[in-house]
Amino acid sequence: MTILNELLEENHSINMDDIIREGNPTLRAMADEISLPIEKEWITLGEKMLEFLRNSQDPVKSEEMGLRGGVGIAAPQLDVSKRIIAVLVPNDDLENPASLIEEILYNPKIIAHSVQKACLKDGEGCLSVDREIQGFVVRYARITVQYTNKDGETKKIKLRGYEAIVVQHEIDHLNGVMFFDHINELEPFKLEKGVLVLE
Ligand SMILES: CNC(=O)c1cccc(C)c1Nc1nc(N2CCN(c3ccccc3Cl)CC2)nc(N2CSC[C@H]2C(=O)NC)n1
Ligand code: NI
């Protein structure tokens, strides 16, 4: 039974055993584009990735299944080197309209970005990294992402704040980049002028 067949099994829910950890070469590979029209197996995988994020954020399910909380996941983290990411970010930030991004993105591409940079005040975590790595992960503050959705439509979304950080973290996984690659080794908390620190 190949990894993919296992993942696509009807009653299989993605769990931590399906997630590969740093050191696995797939995390450093360039993932392959999904050809259009999107085949059924990639639709199913995307839906299971989103289900994993929901379960991981559910206090009962995450406890039951032993899941680490996540707001994003990329197919390479499941040892599937394909350009698919899923994001489920509850944006409860009062300033911005309460938008929750819940989306499976096929072949996502950053087609525009701000000059301004941003980072999470508390640094970043990754489901494929079983250690806490401190330090600012400086990314673009605002991005425009083009992708194909599960209905095969080409979409273009503008993101800022936490959502922008998450989508950049997951797109990095499609290019073999890990969040700690962005951390300044000598001065992990050094910040250039103008970098937004997101609470
Ligand atoms: C080293 N310091 C830290 O890790 C760190 C430390 C403090 C705060 C933050 C904010 C940190 N950073 C960080 N926290 C998260 N979560 C907070 C908990 N949450 C969650 C957990 C349980 C239920 C529901 C939910 Cl919502 C899930 C998401 N997620 C990410 N990332 C980096 S971008 C992709 C995203 C990801 O999903 N990673 C698995 N970073
Ligand atoms: Ni990650």
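**View 1. The residues recorded as a binding site.** In an unreviewed entry, UniProt places the feature "binding site" at C126, H169 and H173. Although these residues span 48 residues in sequence, no two of their C-alpha atoms are more than 10.2 Å apart, so they gather at one spot. Of these residues, C126 and H169 are included in the lining of the second largest pocket. UniProt positions follow the numbering used here, with feature names shortened, and the annotations may be inferred rather than shown by experiment. On a 1 Å grid over the protein atoms alone, a cavity is a set of points where a 1.4 Å probe fits but cannot get out, whereas a pocket is an open set with protein on both sides within 12 Å along at least five of seven lines, and lining residues have an atom within 4 Å of a point. The model is predicted, and for that reason local features need pLDDT of at least 70 and side-chain atom pairs count only at pLDDT 80 or more, while totals for chains, interfaces and linings use all residues. Residues are numbered from 1 along each chain as its sequence is written, chains are lettered from A and ligands numbered from 1 in the order in which they are written, and side-chain values use heavy atoms, with hydrogens and water left out.

View 2. H169 and H173 are four residues apart in helix α4 (residues 161–174), so about one helical turn separates them. Helices (H or I, at least four residues) and strands (E, at least two) are DSSP runs, numbered from the N terminus.

View 3. C126 is found in the loop between β4 (117–120) and β5 (139–140), and C126 is buried, with a relative accessible area of 4%. Buried means under 20% relative accessible area, exposed means over 50%, and partly exposed lies in between (1.4 Å probe, protein chains only). Leaving aside neighbours within four places in sequence, C126 is in contact, that is, has heavy atoms within 4.5 Å, with residues including R68, Q77, M178 and F179. H169 also counts as buried, at 7% relative accessibility, and H173 counts as buried at 1%. Not counting residues up to four places away in sequence, H169 touches E124, G125, C126, R139 and F179.

**View 4. E170, recorded as an active site.** For the feature "active site", UniProt lists E170 in an unreviewed entry. E170 lies in helix α4 and is buried, with a relative accessible area of 4%. Apart from neighbours within four places in sequence, E170 is in contact with G72, I73, A74, Q77, I85 and V87.

View 5. Five strands form an open sheet in the order β1-β2-β3-β6-β7, with antiparallel pairing. The edge strands, each pairing on one side only, are β1 (72–74) and β7 (154–160). Neighbouring strands of this sheet are turned by 40 degrees against each other on average, direction ignored. Helix α2 (residues 40–57) packs on the sheet and touches β1, β2 and β3, its direction making about 30 degrees with that of β2. Helix α4 packs on the sheet too, touching β1, β2, β3, β6 (142–148) and β7, with a direction at about 160 degrees to that of β2. Axes are lines fitted to C-alpha atoms, for helices over the stretch in contact, and angles run from 0 to 180 degrees between N-to-C directions.

**View 6. Strand pairing within the sheet.** Strands β2 (residues 84–90) and β3 (residues 100–113) run antiparallel and are joined by seven bridges, and V87 has E103 in β3 as its bridge partner. Two strands pair if DSSP finds at least two bridges between them. Five bridges join β3 to β6, again in the antiparallel sense, with H113 standing opposite I143 in β6. Strands β6 and β7 pair antiparallel over seven bridges, where R142 stands opposite R160 in β7 and T144 stands opposite K158. The hairpin of β6 and β7 has five residues between the strands, and in this hairpin G152 takes a positive phi near 80 degrees. Five of the seven residues of β6 are buried, so β6 is largely enclosed by the rest of the structure.
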